[in-house]
Amino acid sequence: MLFGIAMAVGGGWLAALGGNWYYLLAGIGCVITGILIFMKRTSAVYWFALVFIGTLIWTIQESGLDYWGWVPRFDIMLLLGIVFAFQLPSLSPGINRRLSLSLASVFILAFVVAAALPFTPLNTTSASNVPEAGKDTFITDTGNGKASNPSAGDWYTYGGSLASQRFARADQITPENVKDLKLAWQFRTGDLPKTRWGAENTPIKVGDTLYTCTPHNQVFALDAATGKEKWHFDPKVSDKAIPYTAACRGLTWYDSQTNGHVSTGQNSVAASSVPASASQDDGDCKQRIILGTLDARIIELNASTGEVCRTFGNQGTVNLAEDMGETYQGYVAINSAPVVIRDTLVVGHQTIDGQRAFGPPGVIKAYDVRTGKLKWAWDAANPDTTTPKHGPDAYKRGSPDVWTSFTGDDKFGLVYLPVANASGDYFSGSRSAGENKYAVSMTALNVETGMPVWSFQTAHHDVWDYDQGSQPTLVDYPGKEGQKIPAIIVPTKQGEIYVLDRRSGKSLFGVEERPVPGGGVEPGARAPTQPYSLFHHLSKPDLTPQDMWGLTPIDQMVCRIQFQQAGYKGQYTPPEEARHTIEYPGYNGGSDWGSVAVDPERGIIIANYNDMPNLNILVPRAKADALGWKPRDEITSHPHDEGHAEGAGDPQIGVPYAVDVNAGWRLPFTGMLCKEPPYGGIRAIDMRDGRTIWDRPLGTARRNGPFGLPTGLPINIGTPNNGGSVVTSTGLIFIAAATDDLIRAIDIKTGKTVWSIPLPAGGQANPMIYTQNGREYVVIVAAGHHFMETPAGDYIMAYALPDKH
């Protein structure tokens, strides 16, 4: 009766909103059944049979053979059936106890079978026509320096090399022996922030040393064979400097062999690389580690000793925030590794979202890598000049930044920037023409001049926080005539994967502009079309009411009520103030900062992705002010603040609306997501034609469950994930990323997990692989992540096969 009352009340509300009538009818049927049981009437059997059979027919009609669709529709009904069967003998006239037990046994057996099904593969696309390693490889030529061609066993940059393919030509660990991987060494940094944890770090390895950085930008040099500390540098970054997340994704290596150069006066876009020039007099800093800090400093360190290179900048430091006007603590943060192209150090930064629409500018700056002298500065709001400007009003406030990892090409003298949005993510009325052109784009700049060579926009007039999050990957496509076509792979939060000629920005597979919904609070500012890749996309079909989910019919019904109340016209539904709108995919992907990995020998892209919506609403300025929503610089620091979902109660000072984002569209009581699982997956894609080779959910339910309680179950439900993968020449994919706190190895030929091991904290980072003294190591930084709600940690974990010596 209680279940029926809840269903009838909620179902009546849903029906009044134009939604499905099942919940109301089933609720009424359950109430009547409950009354008849209380009265001990045999007619209760007929009413329950009507509800049960009706629910079965409705479930089949809405969900077909989709297991996760059956869970909220039929789990409670099966449990009620078991209880009801045991009540039959007490009815008047009573029903035979043997029949009662038989019926109960059938229901129990059905429930047991249903409970066992999620332990079988669900929502998978089986592997088919997996390419073998061949001669027509996708290995790319980005120049002749070490950053383009790392020594065997080294991991030179955040993505492995300038190409950022996250590919290791390591052959020691194979699908056959990976089961023998053990912890070889572990190092703890001691840096555990109390708030907004999430280092997101991928170490680099050059020679016999591994270099890593921590949430407070401390740098550790470790012996690559043992994990023992060689040196440690602490730049003394304050907690107040932490922006949205205390991320230090990577460090940058530089010496005279790192990059190729061209002679003075050559056209850098057209010229090919020549051998690296002789090293200038670098004093004691012939090999350098370059660190960007959360308080906007660029520091160069002696790679051997950790001492500051005093010949760089002002006694070893350059202040990126110079000439940015008022910056506020935590608003200008370098959370991704700077990139060196030829002899130019290019530095981007995060301007924290959602606080001030006219906060610090997102200007990109380039320096002489040895001296720290400013060479050029490019601002998307004023893109036609790169001459450095000075003074507090040098650059437009709130202009688009480049917060994520990027890369470049020594051969063509280009740096490829994933340009983000202007600071007011969910309102576009105050943006300049330059911002509307270059925001949310992949833009290639001439590294010598800083001027744009080409730009490809992945969302027009964005108001969904669909900024570029993924680091691009460089490949060379085999041409029909035997030539190589230099290309760049651009994944997006919307799930599109574009493949462009990296010299011109022209698509190799085609892009289609398709009509999208209009309306919202700025109907005149919305673009009538948005770009869709004809190569591949990770996004799924638009949501329907049937996609709403929960553990029971009650919470599924609540989600369906929210769906009916919300505005939703499909992808790119504009935000509104009068009601919530559904954003699908949400701002966490598709593909985000973990990016994709590429096996250039087989021609396979490995893409892990998220598949979750957001539920958004714009909040008028007067209401936001009344609610006390203020920018972070006006709020006293809360020592126990663990951070919250980006966009949740963000004030967006300077535009007419604040914004409130329900990231993942979660119910407040249970914490469960409103969309049916899976919530994240991993996919293998044929680079030749964009065909899906295999696809599967990524992440188990062992650390996830309702009310934030871990179930401990190894059900491959497909969890939200942040962080990417690494691929080996033997055909292994190593990835953590998911919220189950596991690192796993996946066979690239089958898509099946062949090894996994629990981590001591969340693995929201990209793994890396290196070889030292003939032994191959897989390394993951386990630091957890506040947004993903995984445990915080300070671990660098290295796994290897047993040492035969």
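Predicted model: local features only at pLDDT ≥ 70, side-chain atom pairs only at ≥ 80, totals over all residues.
Colleague: Which residues have the most contacts inside the largest nonpolar core?

Modeller: The largest nonpolar core holds 40 residues. Strands that each supply at least two residues of this core include β2 (182-188), β35 (732-735) and β40 (795-800). Inside the core, the residues with the most contacts are W185 and F734.

Colleague: At what angle do the axes of helix α4 and helix α7 cross?

Modeller: Two packed helices are described by the angle between their axes and the distance between the axes. Helix α4 covers residues 67-87 and helix α7 covers residues 553-565. Their axes come within 8 Å, and the crossing angle is roughly 145°.

Colleague: How many nonpolar, polar and charged residues make the contact of α4 with α7?

Modeller: From α4 the contact uses P72, R73, D75 and I76. From α7 it uses P553, Q556 and R560. Sorted by class, these are three nonpolar, one polar and three charged residues.

Colleague: How far apart are the end C-alpha atoms of residues 67-87?

Modeller: The unreviewed UniProt entry annotates residues 67-87 as "transmembrane region", along with 20-38, 45-61 and 99-119. In the model, the span 67-87 is 100% helix and 0% strand. The distance between its end C-alpha atoms is 29 Å.

Colleague: What share of residues 99-119 is helix?

Modeller: Residues 99-119 also carry the "transmembrane region" annotation in the unreviewed UniProt entry. The end C-alpha atoms of this span are 32 Å apart, and its strand share is 0%. Its helix share is 86%.

Colleague: Is H786 buried or exposed?

Modeller: H786 sits in the loop between β39 and β40. A polar atom of its side chain lies 3.1 Å from the backbone oxygen of Y244. The relative accessibility of H786 is 7%, and the cut-off for buried is under 20%, so H786 counts as buried.

Colleague: Is A433 buried or exposed?

Modeller: A433 belongs to helix α6 (residues 433-438). Between A433 and P383 there are 9.8 Å in space, C-alpha to C-alpha, and the two are 50 residues apart in sequence. The relative accessibility of A433 is 64%, and the cut-off for exposed is over 50%, so A433 counts as exposed.

Colleague: Which residue is joined to P93 by a cis peptide bond?

Modeller: P93 lies in the loop between α4 and α5 (97-116). The bond in question has an omega of about 0°. The residue joined to P93 is S92.

Colleague: Where is P585, which a cis peptide bond joins to Y584?

Modeller: The bond between Y584 and P585 is cis, with omega about 0°. As for its place, P585 is in the loop between β27 (581-583) and β28 (596-599).

Colleague: What is the phi of R196?

Modeller: R196 is in the loop between β2 and β3 (204-206). With 13% relative accessibility, R196 counts as buried. Although R196 is not a glycine, its phi is positive, at about 50°.

Colleague: What is the relative accessibility of S595?

Modeller: S595 is in the loop between β27 and β28. S595 is not a glycine, yet its phi is positive, about 65°. S595 counts as buried, with a relative accessibility of 2%.

How values were computed
Residues numbered from 1 in each chain as written. Heavy atoms only, no water. Core = buried A, V, L, I, M, F, W, Y, C linked by side-chain atoms within 4.5 Å. Buried < 20%, exposed > 50% of the residue type's maximum accessible area, 1.4 Å probe, protein only. Helix = DSSP H or I, 4+ residues; strand = E, 2+ residues; numbered from the N terminus. Axes fitted to C-alpha atoms, helices over the stretch in contact; angles between N-to-C directions. Contact = heavy atoms within 4.5 Å. Nonpolar A, V, L, I, M, F, W, Y, C, P; charged D, E, K, R; others polar. Polar contact = N/O pair within 3.5 Å; in protein donor to acceptor, adjacent residues only side chain to side chain. UniProt positions renumbered as here; feature names shortened; annotations may be inferred.
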